[in-house]
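Here is a short briefing on a protein model.

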Amino acid sequence: MRRLEQPPPLHPLVALINYDDTKIALADAGEKYSLNFYKISFKTSFKGQVKYGQHYYDFEEGGLAFLAPNQIVTLSGEETSYEGYALFFHPDLIRNYTLGNNIHKYGFFSYAVSEALFLSDKEKKVIATLFDAIAKELDNNIDHFSQDVLVSQIELLLNYSNRYYNRQFITRKTVYNDLISKMDAYLSDRFDIRKSALTGIPSVQELADHLDVSPRYLTDMLKSLTGLSAQQQIHHHLIEKAKHILSHTSLSVAEIAYELGFEHPQSFNKLFRQKTNMTPVEFRQSFT
């Protein structure tokens, strides 16, 4: 709050700022900063760029963006201005609550800022109401119920955010179908037996890097649209490739395992049986 030239927070573990009052200047141009608490930004409009990893948060219509503790953000040298609110809360606020154990389930805290949540006008009104309720609670004198109420309000805000992210995956399905097609092409190429033996089984991080999205965003998007996580998609492509090799070549199971990037044939056997309820040998025999 001192950095933002704001008065001390009304609650020792929570702070809410109005961007209209701060004319936000979190750091000098190019300076990196890391927060040791959670931050939820509700921007009704946005001009400028904030770098997050290798990406930029840059959209005029605004929306919601989430930061978990110890993530690094870099302000660009360009003029940046916001309208809206930022809610900061320390992990200790939720530590002894169910939310403290479950906050990792809200995957959007692991998204890149460029994967922020775009809101419809109707959704913006709902979110604005939730922020107003938090502001009113912070204006009250702290009592034995303050923390319970604040944690409940934050959890409600996160649950609405979950709902709206799921809606975003559906309404932008055309865009994400292009991403899925790009993923399918990449995995098909990666499981070319001339490459897999040298490079190993692709990881979720590798796949996300190729698609230029964060791993958690990729998994949430895929689960929403296909019912399979990113890891499950990798396994699906691997098993389909294994089935093709088993049914079209005379390579041994061990040779196939090594060609597909497994270090140990036993691992290949275990995964194949888990996914098909058959061993590789039993699958091959079904074609004879």
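Buried means under 20% relative accessible area, exposed over 50%, and partly exposed in between, with a 1.4 Å probe and protein chains only. This is a predicted model: local features need pLDDT of at least 70, side-chain atom pairs count only at pLDDT 80 or more, and totals for chains, interfaces and linings use all residues. Residues are numbered from 1 along each chain as its sequence is written, and side-chain values use heavy atoms, with hydrogens and water left out.

**Overall**
- The protein has 13 helices and 8 strands; helices (H or I, at least four residues) and strands (E, at least two) are DSSP runs, numbered from the N terminus.
- Of its 288 residues, 45% are buried.
- The accessible surface is about 15400 Å², and carbon and sulfur atoms hold 49% of that. Areas come from the Shrake-Rupley method with a 1.4 Å probe; for residues, only the protein chains shown count as cover.
- Among contacts (heavy atoms within 4.5 Å) with a separation of 6 or more, 72% join residues 24 or more positions apart.

**His11**
- His11 sits in the segment before strand S1 (14-18).
- His11 counts as buried because its relative accessibility is 7%.
- A polar atom of the His11 side chain lies 3.0 Å from the backbone nitrogen of Leu13. A polar contact is a pair of N or O atoms within 3.5 Å; within protein, one must be able to donate a hydrogen and the other to accept it, and residues adjacent in sequence count only if both atoms are side-chain atoms.
- Leaving out residues up to four places away in sequence, His11 touches Leu93, Leu138, Ile142 and Leu150.

**Nonpolar cores**
- A nonpolar core is a set of buried Ala, Val, Leu, Ile, Met, Phe, Trp, Tyr and Cys residues joined through side-chain atoms within 4.5 Å.
- The largest has 65 residues, and Ile40, Phe89, Phe109 and Leu158 have the most contacts inside it.
- Helix H5 (residues 146-171) gives the most to this core, with 8 residues.
- Beyond its neighbours within four places in sequence, Leu158 contacts Ile40, Phe66, Leu99, Ile103, Tyr106, Phe108 and Phe109.
- Another core, of 10 residues, lies apart from it; among its members are Ile17, Tyr33, Ala86 and Phe88.

**Helix H4**
- H4 (residues 121-139) has 19 residues and reaches 27 Å from first C-alpha to last, close to the 27 Å expected at 1.5 Å a residue. The expected span is 1.5 Å times one less than the number of residues.
- Its buried residues include Ile127, Leu130, Phe131, Ile134 and Leu138.
- The buried residues of H4 fall within an arc of 150 degrees seen down the axis, so they line one face. The arc is that of the directions from the helix axis to the C-beta atoms.
- On the other side of H4, exposed residues include Asp121, Lys122, Lys125 and Thr129.
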